[in-house]
Amino acid sequence: MPTETETASRKGFAEAARQWLEENVPERWRTHRSVMTEEEGYEIRREWDRQLHRGGYAGLSLPKEFGGQGLDVAEEVIFADLAGRAQAPDGLARIGRILTAPTLVAHGTQYQLGRFLPKILNGDEVWCQGFSEPDAGSDLAGVRCRAVKVDGGYAVTGRKIWTSFASVADRCLLLAQTDPAAARHKNLTMFLLDMKQPGVSISGIRQSSGLTHFAEVQFDNVFVADEDRVAGEGDGWKVAMTVLANERGGVEAASRYVEIRADMDSLQRAIGHLPEYQRQLEDYDSRVELIRWQVMKSIDYDKDSAEFLKAASVLKLWWSELWQQIAELGLETADATNVEHWRLQYLETRAASIYSGSSEIQRNIISERILGLPR
Amino acid sequence: MVKTAAGEIGIAVAEAIRDAMTKATAGATIATYIEGKPPVAWEVLGDAGWDLAGVIEDEDSTSLRDLVEIAGAWGETLIQLPLVTSLAVKRHSVAAAEAEGPVTLSVPVRTLPNGTGFVPFGQVPGISIIDSVADGSPVRAFEGGNPLDFAPSLLAASSPGTTSLSAEARRELAVIWAAEAAGRAAKVLQEAIEFTKQRQQFGKPVGSFQAVKHHLANAHIAAEVAQTAAIWASLDDASTRQAVAQSFAQSLKSVQLSIQTYGGLGFTWEMGLHFSLRHITTLRELAAGVLNDA
Ligand SMILES: Cc1cc2nc3c(=O)[nH]c(=O)nc-3n(C[C@H](O)[C@H](O)[C@H](O)COP(=O)(O)OP(=O)(O)OC[C@H]3O[C@@H](n4cnc5c(N)ncnc54)[C@H](O)[C@@H]3O)c2cc1C
């Protein structure tokens, strides 16, 4: 429970953040983001990462000694909320910030924290996540990409797919198999692999929306040093679970709230005056706000408690499927001024119920691990 | 940022209610007690002082967020006693708080003719009613009225005239009823989980079939968010109306999905699942009634 001083300091934080956002959110993004080229979008998003850092808003809940702000997840949520209302861009550093950084805080060495966190937070290094493979999507334990022990490190060979940001990434949070003979869940290891090396080939995959946000990545005998292995050999599954918990957790949901709130606001501006949509808009609007409330509720619980798991388990499903519905209504009601945006969002949000674990897998997890139903 | 957790009072009273009511009902199902005598006497609640748990004395008194916690715990029981209603009325009227025994009110609802009010627990012998929560308005014995029987859990009656409520009382009643409904939804889900672990078809528990699991996962999401929406309503004055509406929508969705997993059994009277549907839809009507009566 926050004390009075905490409440007061959060109020102060929120006021300063609101002011900062007002002065810093790029006007062009606010007004033109749906019609700009992919390159321009990337450029603005990359610059936004740097702006966040300069303003002191990068890594709000990460330790100060590594360039974070040493605040609580509560501040992350407050900031995401305000950023959503201010229509701030979503940075390119999201994988580093939301996935790599907290994973290293939980499992990384002092060297890894010192080497990687500052550059994640100042926007210098972009990360990608190399988990999925052509034959190992939902069944992550079936990863085949091999990391073979060599002098001073490992040689990685194999294929990853659906790797978002691969084409711009400096580093990859890579899940690879280190011991094919070991039991399921004991044969994987997590690495921090340098993407700018010989032997890494990246071929962009065009998405249904026409954008190329993800890629297939081939590793041919790519070196990764021992010091860039996270936790022990064979601990990859455990580390991957930390990554997935963050990918489906409160900070990710709070950051998605930013985008979804912006879409909801556009929708309201466009059709809010039409009586036939009143009820539906009100319903969607309440559900968008419930992303925020659900996040706030979950962070009031102890991270290891059953209540926390129960509350947090609904986040990913809640925001992803709601976002799809909003985009569907956007497309259905689009006019000449916004059709480009809604066509793109409609196609893009098809992926929301697939990435970070598909809705089917999420429901399996809820029913078996939260509700305790038999397998 | 708002703290969403309940305070100590709310948590303590909710826990006490859960403990005492679990003992009092001794595991009996709702179906066995809801149409007969309540499994607990009103005195038990009164002696514990729970009907006065909402009375405001100083800044450490029960907040609306605390009442959400308490109403949620009460909603889990579905015992046909006027705890939540009486507690809310006693919070807003000194005369009601000073009165012995339960006190109720009369709410204008869409499904009754204009000028006629819905009196929750109006069929409870010896209950008092209040005509206005404004200072100086006394309670009086509630006599008669026509029994309303769609939701036996509410033992309701109708009455000519409705209680005059402050804006704050209206808002709080709506929020508390939403919270009660969310508590009910969570409980129905818990029972559905147990049921589907036991019930066998095709040689295995139906709860092991993925289609059934996904229904229950969706019921979990809805129940969880129904409670969050009630919390939101309690902490954000400006959004009460939409948050309450969302809370009821999600509670109902959750219960409907849970009932689906019982197959034909869920459709029977004696299994008692319909009592939850009746209770929640009626609370929704009551909440809309107080919110619209501005
Ligand atoms: C836009 C986008 C970005 C992505 N970015 C990344 C990234 O950066 N890094 C990365 O590693 N991965 C990324 N992914 C991959 C993503 O995590 C996988 O696509 C996802 O886990 C599903 O795996 P799959 O595509 O192989 O589908 P499959 O696992 O083949 O599943 C096919 C279908 O079967 C269902 N299914 C599978 N198993 C079960 C089961 N046990 N019960 C019920 N249904 C089941 C699935 O839900 C799905 O509907 C991205 C995906 C997308 C769409």
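**Entry 1: Asp90(A) and Arg94(A)**

I looked up Asp90(A) and Arg94(A) and found that their side chains meet in a salt bridge, 2.5 Å from N to O. I count a salt bridge when a side-chain nitrogen of Lys or Arg lies within 4 Å of a carboxyl oxygen of Asp or Glu. I then checked burial for both partners. Asp90(A) has 14% relative accessibility and counts as buried. Arg94(A) is buried too, with a relative accessible area of 6%. My cut-offs are these: buried is under 20% relative accessible area, exposed is over 50%, and partly exposed is in between (1.4 Å probe, protein chains only).

I note that this is a predicted model, in which local features need pLDDT of at least 70 and side-chain atom pairs count only at pLDDT 80 or more, while totals for chains, interfaces and linings use all residues. Residues are numbered from 1 along each chain as its sequence is written, chains are lettered from A and ligands numbered from 1 in the order in which they are written, and side-chain values use heavy atoms, with hydrogens and water left out.

I asked how many salt bridges the rule counts over all chains. The count comes to 41.

I picked Arg184(A) next. Arg184(A) bridges to Asp139(A), with the closest N and O atoms 2.9 Å apart. This pair links distant parts of the chain, 45 residues apart. Arg184(A) sits in the loop between β4 (171-177) and β5 (188-194) of chain A. Asp139(A) sits in the loop between β1 (127-130) and β2 (146-150) of chain A. I take helices (H or I, at least four residues) and strands (E, at least two) as DSSP runs, numbered from the N terminus. Asp139(A) is partly exposed, at 39% relative accessible area.

Arg256(A) and Glu259(A) gave me another bridge, 3.1 Å from N to O. They are three residues apart in helix α8 (residues 250-271) of chain A, so about one helical turn separates them. Arg256(A) is buried, with a relative accessible area of 10%.

I also found a network of salt bridges. It links Asp81(A), Arg85(A), Arg261(A), Asp265(A), Asp285(A), Glu289(A) and Arg292(A).

**Entry 2: Gln51(A)**

I went to helix α3 (residues 38-55) of chain A, where Gln51(A) has its place. Is Gln51(A) buried or exposed? Gln51(A) counts as buried, because its relative accessibility is 13%. I listed what Gln51(A) touches, not counting residues up to four places away in sequence: Trp20(A) and Asn24(A). Contact means heavy atoms within 4.5 Å. A polar atom of the Gln51(A) side chain lies 3.1 Å from the backbone oxygen of Asn24(A).

**Entry 3: where chain B meets chain A**

I turned to the interface. Chain B gives 32 residues to the contact and chain A gives 37 residues. The buried area is about 3,200 Å², and carbon and sulfur atoms give 67% of it. Buried area is the accessible area (1.4 Å probe) that two parts lose on being put together, summed over both.

I found three salt bridges across this interface. One of them joins the side chains of Glu224(B) and Lys297(A), at 2.8 Å from N to O. Which elements give two or more residues to the chain B side? They are α7 (167-198), α8 (210-235) and α9 (240-260) of chain B. α8(B) gives the most, with 16 residues.

**Entry 4: sheets of chain B**

I traced an open sheet of three strands in the order β1-β4-β5 (chain B), with mixed pairing. Two strands pair if DSSP finds at least two bridges between them. β1 (103-104) and β5 (139-141) of chain B are the edge strands, each pairing on one side only. Strand β4 (residues 128-130) of chain B runs antiparallel to β5(B), joined by three bridges. Ile129(B) stands opposite Arg140(B) in β5(B).

Another open sheet of three strands has the order β2-β3-β6 (chain B), and its pairing is antiparallel. β2 (107-108) and β6 (157-160) of chain B each have a single partner strand, so one side of each lacks a neighbour in the sheet. Val107(B) has Phe118(B) in β3(B) as its bridge partner.

**Entry 5: Leu273(B)**

I ended at Leu273(B), in helix α10 (residues 273-292) of chain B. Leu273(B) is buried, at 5% relative accessible area. Leaving aside neighbours within four places in sequence, Leu273(B) is in contact with Val188(B), Ile259(B), Tyr262(B) and Gly266(B).

Terms used: A polar contact is a pair of N or O atoms within 3.5 Å; within protein, one must be able to donate a hydrogen and the other to accept it, and residues adjacent in sequence count only if both atoms are side-chain atoms.
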